[in-house]
Amino acid sequence: MLIGAHVDYEDPLAEAAARNADVIQFFLSDPQEWKPPVPRTDTAAIRDSEVQVFIHAPYRINVATTNNRIRIPSRKLLIQHAVGAAEIGASGLIVHGGHVDKSDDLATGFDNWRKAMQQAQDSGALLPQTPILIENTAGGDNACARRFDNLARLWDAVGDFGVGFCLDTCHAHAGGEDLLNIVDRVKAITGRIDLIHANGSRDGFDSGRDRHDNLTSKTEPGMIDPELVAAVISASGAPAVVETPGGVEGQSADIAYLRAHL
Ligand SMILES: [Zn+2]
């Protein structure tokens, strides 16, 4: 099983080595901005590396929204980062499921997802070796990929475009989806899990809050049982990255915990 971490994008291979990571995830630009991938000097080194690489798209992207001023640039940004991820030899580009506003019908959000994937396909940015991986999210009542009944409707809209799925254990727990047998429930909808985000949660079940915690933190009642996270990884057979706090030290401890419990 390949285990690793989300790392800073300045020197991701050094970050991988510092954590003894088999797999890493990083951004190609500041995730809070509307920016295309920043030019890099280490693209060849990353491509040639033994370390498996995933790229996370900027947080700004919301292809589901009915707001044109967000939806249209989101499509463009998603395509730019898909191209950048493919250039670096990544195994996938992770993007959040997005949401529509309170007053909007989620059906419009799913249809907007379909249109975004159609545009990405038409532009040549949907590559089987670097698929777009939709990640489940923790909060909001109008999210496309928080609750799995909605995830099933999303997959009806985008499943034919060769997209994959990234399962975040913090988001599932805080979003109100039980981690017990979750791999079977996801695969019944998506048919695949490409990556696990192996995170603890600072908040309780169905809290709707997205605050990652270390796996090795002292577990309070009602929080994520770290053994369950290891069980999710084992059941999925997918690589896993921790998106947990504490830098090299905190993440290395989480990686070591998972290796010991798989
Ligand atoms: Zn995540």
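Which residues of α5 are buried? Here they are: Phe148, Asn150, Leu151, Leu154, Trp155, Ala157 and Val158. Buried means under 20% relative accessible area, exposed means over 50%, and partly exposed is in between (1.4 Å probe, protein chains only).

## Ground rules

This is a predicted model, where local features need pLDDT of at least 70, side-chain atom pairs count only at pLDDT 80 or more, and totals for chains, interfaces and linings use all residues. Residues are numbered from 1 along each chain as its sequence is written, and side-chain values use heavy atoms, with hydrogens and water left out.

Helices (H or I, at least four residues) and strands (E, at least two) are DSSP runs, numbered from the N terminus.

## Helix α5

Back to those buried residues of α5. Seen down the helix axis, they fall within an arc of 155°, so they line one face of α5. The arc is taken from the directions that run from the helix axis to the C-beta atoms. As background, an α-helix has 3.6 residues a turn, so residues three or four places apart point the same way.

On the face of α5 turned away from the buried side you'll find the exposed residues Asp149 and Asp156. The buried residues pack against α4 (106–122), β5, β6 and α7 (182–190); contact here means heavy atoms within 4.5 Å.

## Helix α9

What do the buried residues of α9 pack against? The partners are β1 (3–6), α1 (12–19), α8 (226–236) and β10. The buried set itself is Gly250, Gln251, Asp254, Ile255, Tyr257 and Leu258. They cover an arc of only 155° around the axis, which puts them on the same side of α9. The face turned away from that buried side carries Glu249 and Ala260, both exposed.

The length checks out too: at 1.5 Å a residue, the 15 residues of α9 should span 21 Å, and the end C-alpha atoms are 21 Å apart, which agrees. The expected span is 1.5 Å times one less than the number of residues in the helix.

## The zinc site

Now the metal. The zinc ion is coordinated by Glu135 (OE), Asp168 (OD), His197 (ND1) and Glu243 (OE), at 2.1 to 2.2 Å. Donors are N, O and S atoms within 2.8 Å of the metal (3.2 Å for Na, K and Ca), and water is not among the atoms, so sites may look incomplete. In sequence, the donor residues are spaced E-x32-D-x28-H-x45-E. Glu135 lies in strand β5 (residues 132–135) and Glu243 in the loop between β10 (240–242) and α9 (247–261), so the pair ties together parts that are 108 residues apart in sequence. Glu135 and Glu243 are both buried.

The angles among the four donor atoms run from 85 to 171°, and the site is irregular. For reference, four donors count as tetrahedral if all angles lie between 85 and 135 degrees; four count as square planar and six as octahedral if opposite donors are over 155 degrees apart and all others between 65 and 115; anything else is irregular.

## Aromatic pairs

How many aromatic pairs does the structure hold? Two. Rings of Phe, Tyr and Trp (its six-membered ring) pair if their centres lie within 6.5 Å; planes under 30 degrees apart count as stacked, over 60 as edge-to-face and the rest as tilted. The rings of Phe27 and Tyr59 have centres 5.4 Å apart and planes at 70°, so that pair is edge-to-face. It links distant parts of the chain, with Phe27 in strand β2 (residues 23–27) and Tyr59 in the loop between β3 (52–56) and α3 (68–87), 32 residues apart. Phe27 counts as buried at 8% relative accessibility, while Tyr59 counts as partly exposed at 40%.

Trp155 and Phe165 also form an edge-to-face pair, at 6.0 Å centre to centre and 80° between the planes. Trp155 sits in helix α5 (residues 148–158) and Phe165 in strand β6 (residues 164–168), ten residues apart. Both Trp155 and Phe165 are buried.

Val95 lies in strand β4 (residues 93–96) and is buried, with a relative accessible area of 2%. Leaving aside neighbours within four places in sequence, the contacts of Val95 include Trp113, Ile134 and the zinc ligand Glu135.

Finally, some backbone. Asn20, in the loop between α1 and β2, has a positive phi near 55°. Asn181, in the loop between α6 (169–175) and α7, has a positive phi of about 60°. Asn20 counts as exposed at 53% relative accessibility, and Asn181 is exposed with a relative accessible area of 53%.
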